[in-house]
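Colleague: I'm new to this one and would like to understand how the descriptions are reached. Could you walk me through it?

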Amino acid sequence: MKKLLSALLALALIFSISGSSFSAYAATQTAKKKSSSQASRDYRENVVDSSLLFYKNGVIFWGYENSLCSALLDEDGIPYDYLSEGRLSSDVSYIALDEDHIYMATEDGLVRLSMEESAQDKSYMKVLDDHDLSHGFQMDEEDIFFLYGSSLYKLPKEGGESKVLEKDIECFQLTDAGVYCLNGEGALILVSLDGKERKTLAELDSQGQLGIFLDKAYITTGDDDDYIYVYDLGQDSWEELDLEEDISPYSPVWVTGDSLYYKADKGQLHLIDLQTGKDSQCPNSLSLPDYDEGFLLGNMIYYKLAERLFWMEPEGDLSQDIEIDKALSSGASASASGDYDIAQDISLRSSQGLARLETAYFTLYLPSGTGLEYSVHGKNSIGIYYGPAREAGYGGNLVTITAYDLDDDSYKDLPHYTVAGTDGSKRYIAMFPTDLQYSPETETGYREMLEYLLEIDQNNADSPFFCG
């Protein structure tokens, strides 16, 4: 897989960019898919939220000091191939991408980079606004909305004069119906997109946080209460949703499908089934991020806090984080490998009941005719998966073999791995999945193959992996 942002070399606010990388990125943009089975209206379908950790098409982006950084997500949702793309003239915080541009909140203000221009090998950062934001911004197709102090601003995405829409605002959520806000008195109000109309929807006395998912607004009180408010945007009505435990006053709630996650005041992470009302404790107890700190993708939550990246599976046992300095050092060491390509001369051959996955650097012996297949994740990584399970829509991932430089021990942060082998310049790490990757019909075959591949270990005389 190509790195999507291969070069960003900045002098002041001028970026010189590799046209091949950014043009490839621009070419991969796809419109957001609509779910035909989704009965509820999505009021935020055309809204893009900035975040300290932003996701787009398999890539995560974040700012670290004055650098724009990125990493890829593998098939298990684990970040890899960390990269510092380049530097700006001031520190980067919140990031957002639409189909044409990348937007960044910096100490110098809101700036924008055109990806179309980057295909011509040079792009210039355009300063849209000089406000130094302490919160994230939100965008629709035409405008950017942000808080500065307690005032809600609107700014054209092309740049120009910003306009104050409303004052005394604590937090907001942009929708196609207007901007929903909590004001200083704790009331939920709706401000029109042009700022000419406002309406008080509910006097809630809330000092908490506001999140909108599909057609519902979920509002915490800002205290350690055992309930939150749920406002129905379509019905213009609200109710209290009871919680099993008192909620942490510092945590928002996250909603995906029919599941609502909240952090209890005692520290546990809870899940509410919004259809049945059942409230249960999750295996993981990592903190939930604020809405402008990260994102929820599938069954995983990702966020950036201080100088670390976090990712976890709330309903599973995966909970990981990594220091950004360490992650970038890992990516730098991989980049320093020059023309190294783990998949060089790759082939999969079968003979006398055994298959042999072979590259110029290693050989992995596999049972023949068992549905095992491979995919190349990048210059340093190859994944092995069980074909029938993948075809059934369950991933089928069995093991990922990744090459690390000998002085790079960042693999020790992985949740489940073994050292497969070491040669003169690389250490090969076998990373195994931490969640179920099979359907009921493919469980037997998947488990048999996983049991076989778990033998990969340089300290195991029966290991099927050889290198050097």
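Modeller: Gladly. One number to begin with: residues 24 or more positions apart account for 44% of the contacts in the chain with a separation of 6 or more. Please keep in mind that this is a predicted model. The chain has five helices and 41 strands, and buried residues make up 53% of its 468 residues.

Colleague: What makes Asp-345 count as exposed?

Modeller: The cut-off for exposed is over 50% relative accessible area. Asp-345 has 57% relative accessibility, so Asp-345 counts as exposed. Its place is in the loop between helix H3 (324–335) and strand E33 (347–351).

Colleague: And why is Asp-236 called partly exposed?

Modeller: Partly exposed covers the range between the buried limit of 20% and the exposed limit of 50%. The relative accessible area of Asp-236 is 40%, so Asp-236 is partly exposed. Asp-236 is found in the loop between strand E23 (227–232) and strand E24 (237–242).

Colleague: What makes strand E6 (residues 67–73) mostly covered?

Modeller: Buried means under 20% relative accessible area, and seven of the seven residues in E6 are buried. In a regular strand the side chains alternate between the two faces of the sheet. On one side of E6, Ser-67, Cys-69, Ala-71 and Leu-73 are buried, and on the other Leu-68, Ser-70 and Leu-72 are buried, so both faces are covered.

Colleague: How do you know that E6 pairs with its partner strands?

Modeller: Pairing needs at least two bridges. Strand E5 (residues 59–64) and E6 have six bridges, in the antiparallel sense, with Gly-63 opposite Leu-68. Six bridges also join E6 to strand E7 (residues 79–87), again antiparallel, and Ser-70 stands opposite Leu-83 there. With six bridges in each case, both pairs meet the cut-off of at least two.

Colleague: What lies in the turns of these hairpins?

Modeller: The hairpin of E5 and E6 has two residues between the strands, and Glu-65 takes a positive phi near 55°. The hairpin of E6 and E7 has five residues between them, with Gly-77 in the turn at a positive phi of about 80°. Gly-77 is also one of the residues closest to the centre of the second largest pocket, along with Glu-75, Asp-76, Asn-299 and Asp-435. That pocket has a volume of about 330 Å³, and its lining has eight nonpolar, eight polar and five charged residues.

Colleague: Why are E3 (48–49) and E16 (163–166) said to stand at the edges of their sheet?

Modeller: The open sheet has the order E3-E13-E14-E15-E16, with antiparallel pairing. E3 and E16 each have a single partner strand, so one side of each is left without a neighbour in the sheet. For E16, strand E15 (residues 151–156) pairs with it over three bridges, and Tyr-153 has Val-164 as its bridge partner.

Colleague: Which strands does E35 (residues 362–367) pair with?

Modeller: Five bridges join E35 to strand E34 (residues 354–358), and three bridges join E35 to strand E41 (residues 465–467). Both counts reach the cut-off of at least two, so both are pairs. Leu-354 has Pro-367 as its bridge partner, while Phe-362 stands opposite Cys-467.

Note on methods. Residues are numbered from 1 along each chain as its sequence is written. This is a predicted model: local features need pLDDT of at least 70, side-chain atom pairs count only at pLDDT 80 or more; totals for chains, interfaces and linings use all residues. Side-chain values use heavy atoms; hydrogens and water are left out. Helices (H or I, at least four residues) and strands (E, at least two) are DSSP runs, numbered from the N terminus. Buried means under 20% relative accessible area, exposed over 50%, partly exposed in between (1.4 Å probe, protein chains only). Contact means heavy atoms within 4.5 Å. On a 1 Å grid over the protein atoms alone, a cavity is a set of points where a 1.4 Å probe fits but cannot get out, and a pocket is an open set with protein on both sides within 12 Å along at least five of seven lines; lining residues have an atom within 4 Å of a point. Grid points are joined across faces, edges and corners, and a volume is the space filled by probe spheres set on the points. Ala, Val, Leu, Ile, Met, Phe, Trp, Tyr, Cys and Pro count as nonpolar, Asp, Glu, Lys and Arg as charged, and the others, Gly among them, as polar.
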